[in-house]
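Please keep the sequence and the model open while going through this note. Each point can be checked against the residues it names.

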Amino acid sequence: HVKSGTKNDYLVFNKTIESQSIERRLLESAMRTAIKENQFYLEYQPKLNIDTNQIIGMEALVRWHHPDLGTISPGKFIPLAEETGLIVPLGEWILIESCKQTKKWHDMGYSDLTVSVNVSVRQLEDPFFIDKVKNTLMKTKLNPKWLEFEVTESILADVNNIVGILREIRQLGIQISLDDFGTGYSSLSYIKNLPIDILKVDQSFVKDIHQNEESSAIVQAILKIADSIGLQVIAEGIELQEHVMKLSNDGCRFGQGYYFSRPLKVEAFEQFMESLLVTI
Ligand code: C2E
Ligand code: MG
Ligand code: MG
Ligand code: MG
């Protein structure tokens, strides 16, 4: 009995692995087609000065609409794109598209918008990355001071190779923010030596900041450290008025989240900016 049980377990286990890898291979080939057939598009989530309610910029977030499978979340396809290396061509498209759109908005008169683009480690490791960035800036005519890259603490796994790239990026005039800050394995000594400009407080701390002493204390500590080493702070995942009040009270000036707006398609984003103008 023990033997057959073991065998069955093995078969079940094996089948799961197999079906997982089939799903992954299907997704991977679907993703290759998707790039060619323009199934990807971007949404933009407003970032605001939470004291004045003024928009300061937006985060570009990739979306995949598959003709049969419907909408597939980035939480599902980004990790796969990273593993397969498809994030390199996809990320290149995301960068070009978001710079192009931002330049368009500047030319429409929304002149002070900074665009944040999520960049994966795989892209930073691409030997052509800096050239691609320079080309994009040249072609779209976007001033690099309006461009920001969001990187996660996963850069620390390969920090020796990546620090040089980050420096080059900053030398171009692009800002760098550390996304999902507080969830990874960054130690404060690392932060001091990393060429970054902004800490992005992870939404898990913001979620219960108004009712949990620990989250509140962590965010206060992040704000204090950031201030003392000259970094800006932005909070993500703001969903409630209470979040805004608490963060504002603690001295956090910038934020984004569903409370202000969900990520929006181009037209809806323009309507959002119009509505801000009307209320002022
Ligand atoms: P992230 O960069 O930390 O992006 C923030 C995520 O939180 C987004 O999910 C956003 O829609 C969501 N969010 C924003 N406000 C709120 C809120 O108030 N409450 C809650 N619960 N969630 C909120 P999304 O768009 O599903 O993206 C998930 C992750 O996928 C991103 O996390 C990022 O790591 C990755 N990703 C998305 N777009 C790109 C991209 O263009 N390139 C790369 N490399 N990664 C991307
Ligand atoms: Mg991000
Ligand atoms: Mg984040
Ligand atoms: Mg996050």
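1. Basis of the note. This is a predicted model, in which local features need pLDDT of at least 70 and side-chain atom pairs count only at pLDDT 80 or more, while totals for chains, interfaces and linings use all residues. Residues are numbered from 1 along each chain as its sequence is written, chains are lettered from A and ligands numbered from 1 in the order in which they are written, and side-chain values use heavy atoms, with hydrogens and water left out.

2. One magnesium site. Which residues coordinate the magnesium ion (ligand 2)? They are Glu59 (OE), Asn118 (OD1), Glu150 (OE) and Asp179 (OD), at 2.0 to 2.3 Å. Donors are N, O and S atoms within 2.8 Å of the metal (3.2 Å for Na, K and Ca); water is not among the atoms, so sites may look incomplete. Along the chain, the donors of ligand 2 have the spacing E-x58-N-x31-E-x28-D. Asn118 belongs to strand S4 (residues 114-118) and Asp179 to strand S6 (residues 175-181), so the pair ties together parts that are 61 residues apart in sequence. Helices (H or I, at least four residues) and strands (E, at least two) are DSSP runs, numbered from the N terminus.

3. Another magnesium site. The magnesium ion (ligand 3) is coordinated by Asp179 (OD), Asp180 (OD), Glu236 (OE) and Glu236 (OE), at 2.1 to 2.5 Å. The spacing of these donors along the chain is D-D-x55-E. Asp179 bridges ligand 3 and ligand 2, and the two magnesium ions lie 3.8 Å apart.

4. Is Asp179 buried or exposed? Asp179 counts as buried because its relative accessibility is 6%. Asn118, at 30%, counts as partly exposed, and Asp180 is also partly exposed, at 26%. The cut-offs are under 20% relative accessible area for buried, over 50% for exposed, and partly exposed in between (1.4 Å probe, protein chains only).

5. Positive phi angles. Asp180, which lies in strand S6, has a phi near 55°, a positive value in a residue other than glycine. Asn38 is not a glycine either, and its phi is positive at about 55°. Asn38 sits in the loop between helix H1 (2-36) and strand S1 (40-49). With 62% relative accessibility, Asn38 counts as exposed.

6. Helices H3 and H5. Two packed helices are described by the angle between their axes and the distance between the axes. The axes of H3 (residues 87-107) and H5 (residues 129-140) come within 9 Å and cross at roughly 30°. That crossing angle makes H3 roughly parallel to H5. Angles under 35 degrees count as roughly parallel, over 145 as roughly antiparallel, 65 to 115 as roughly perpendicular and the rest as oblique. Axes are lines fitted to C-alpha atoms, for helices over the stretch in contact, and angles run from 0 to 180 degrees between N-to-C directions. On the H3 side, the residues in contact include Val88, Leu95 and Ile96, and on the H5 side Lys132 and Val133 are among them. Contact means heavy atoms within 4.5 Å.

7. Helices H9 and H10. The axes of H9 (residues 213-228) and H10 (residues 241-250) come within 10 Å and cross at roughly 40°. H9 is therefore oblique to H10. In H9, Ser216, Val219, Gln220 and Leu223 meet Lys246, Leu247 and Asp250 of H10.

8. Leu276. This residue is found in helix H11 (residues 266-279). Leu276 is buried, with a relative accessible area of 14%. Leaving out residues up to four places away in sequence, Leu276 touches Asn53 and Ile55. Leu276 and Ile55 are 221 residues apart along the chain, and their C-alpha atoms are separated by 8.1 Å.

9. Tyr259. Where is Tyr259 placed? Tyr259 is in the loop between strand S9 (254-255) and H11. At 33% relative accessibility, Tyr259 counts as partly exposed. Apart from its neighbours within four places in sequence, Tyr259 is in contact with Ile238, Glu239, Leu240, Gln241 and Val244.
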